Amino acid sequence: MQISVADIAQLVKGELIGDGGLLVSGFSGIKEAKKNELTFLSNPKYEPLLTDTQAGVILVPRQISCPGKTLIRVDNPSLSFTHVINHFLKDEPDYKPHGIHPTAVIGQGARLAANVAVGAHTVIEDGAVIEEGSVLYANCYVGHETHLGKNCLIYPHVVLREKVYLGDRVIIHCGTVIGSDGYGYVTVDGKHMKIPQIGTVLIENDVEIGANVTVDRARFGKTVIGEGTKIDNLVQIAHNVAIGKHCFIVSQCGIAGSTKIGDNVILAAQAGVVGHIEIGDGAIVTAQSGVSHSIKPGEQVFGSPAQPIKQAFRNNAHIQRFDKYVEMIKDLKKRVEELEK
């Protein structure tokens, strides 16, 4: 598929500067883009690349100029880039399963809406409910009495254990396990006795969960992933955690049991959170931070243990000057000894 630059500008309601007749047949990052490709600039730190990029056309913020380049000025280049890609994808082949594959195993008591699709070798146990428009790829497992809402998309090798609940339009990527047992033991006479995990997991509408994520079922009650929250790959969410609405949980985060996370919270990559604390609405935990205490709404923290970010940066700056401080102390000590003599 090809589309003219002029048509792209019309599609994204942008201001065209340059050659509207150029045909675009692909997309790429600003460093790698070729003459027949569209790219975008949204992060100001990449602005110096504008003059060097080989891209045929660039989506840029409204205030950006670059003589000699074909630009489309828009309010949000990243979002506009997404709109154009989605326009292209309309003509891509549909790889989703259609209907019920003959090798799928459907329990007698399971209830599937008429337009549900189930891929090869997927198992759906008795009592499961799958509502209309939902798609399960090959080799998935849906446990007893588990419920999937409308228009869910479940990629291969996903496990949805028994009695978990998914809302509408939930997307779960390959290899993720929802509803595995929480990590609970009581030690008796030096031996670890398993505590039954009899709760469930509730995943609300419009949640997307990446590959190889684990969300543990509650000891009792429910582990909750709030509406619109997006979870990256390789994240561990322990039993009875409650995550609010529209959060970002980035790769390799770990959240210990019974932690409460508010709405619009960001946990950046490799953040770790201890159990039984609260993270307030709008808080940001930066990458590789270790959260050992509750965080106020809107607070941004950094480090391990995590501290308010300005304080953490000051402390880190002092640590970077530690060698100088040591030399200064040695010099002062030497002077004091000379004065004492």
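1. In this predicted model, the side chains of Gln197 and His239 are joined by a polar contact of 2.9 Å. A polar contact is a pair of N or O atoms within 3.5 Å; within protein, one must be able to donate a hydrogen and the other to accept it, and residues adjacent in sequence count only if both atoms are side-chain atoms. The side chain of Gln197 also reaches the backbone oxygen of Ile195, at 2.9 Å.

2. Gln197 sits in the loop between strand E22 (191–194) and strand E23 (200–203); strands are DSSP runs of at least two residues and helices of at least four, numbered from the N terminus. Gln197 is buried, at 9% relative accessibility (buried is under 20% relative accessible area, exposed over 50%, partly exposed in between, with a 1.4 Å probe and protein chains only).

3. The whole structure has 6 aromatic pairs. Rings of Phe, Tyr and Trp (its six-membered ring) pair if their centres lie within 6.5 Å; planes under 30 degrees apart are stacked, over 60 edge-to-face, the rest tilted. Phe27 and Phe81 are edge-to-face, because their centres are 5.8 Å apart and their planes at 90°. Phe27 is in strand E4 and Phe81 in helix H2, so the pair ties together parts 54 residues apart in sequence. Phe27 is partly exposed at 24%, while Phe81 is buried at 10%.

4. Tyr183 and Tyr185 form an edge-to-face pair, 5.4 Å centre to centre with 80° between the planes.

5. Residues are numbered from 1 along each chain as its sequence is written, and side-chain values use heavy atoms, without hydrogens or water. Local features need pLDDT of at least 70 and side-chain atom pairs 80 or more, while totals for chains, interfaces and linings use all residues.
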